[in-house]
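Please open the structure in your viewer and keep the selection panel at hand. The stops below say what to select next and what is there.

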Amino acid sequence: MSIKDEYRRKMEQAMSILNMIADDNTTPRNIRRTAKQASDMLLDESLSVAARAANSIAILEDISQDPNMPMYSRTRIWNAISVLEGIRD
């Protein structure tokens with residue numbers, strides 16, 4: 001498997017996690033919105049794969065500190081961050 005295929009697989013995995021959060025009605029709206037924003041960031045073809053991952057991580061790290069976030073959503077966000085951290089230039 002090429003490195004590009006591996007990165008594409010990691011991005012799809014992260015988007016799946018983020019979309020799960022965005023579609024979960026038990027998660028506060030601002031957190032769902034931010035998860036969707038981070039997922040959309042991964043689709044921005046104008047940036048390199050590593051830049052998209054880094055931007056998405058930055059968005060997620062900010063929201064992960066939200067005291068209103070349910071623990072299961074926080075765990076999913078940390079999971080998405082750890083997947084994205086494996087993407088480098």
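Helices here are DSSP runs (H or I, at least four residues), numbered from the N terminus. This is a predicted model, in which local features need pLDDT of at least 70 and side-chain atom pairs count only at pLDDT 80 or more, while totals for chains, interfaces and linings use all residues. Residues are numbered from 1 along each chain as its sequence is written, and side-chain values use heavy atoms, with hydrogens and water left out.

Now colour Y7, K10, M11, A14, M15, I17, L18, I21 and A22, the buried residues of α1; buried means under 20% relative accessible area with a 1.4 Å probe, protein chains only. Looking down the axis of α1, you find these residues within an arc of 160° (taken from the directions from the helix axis to the C-beta atoms), so they line one face of the helix. Their cover includes α2, α3 and α4, where contact means heavy atoms within 4.5 Å.

Next select α4, residues 71-84, whose 14 residues should span 20 Å at 1.5 Å a residue, in agreement with end C-alpha atoms 20 Å apart. Within α4, the buried residues are S73, R74, I77, A80, I81, V83 and L84, and what covers them includes α1 (3-22), α2 (29-41) and α3 (49-63).

Note on methods: Helix = DSSP H or I, 4+ residues; strand = E, 2+ residues; numbered from the N terminus. Expected span 1.5 Å × (residues − 1). Buried < 20%, exposed > 50% of the residue type's maximum accessible area, 1.4 Å probe, protein only.
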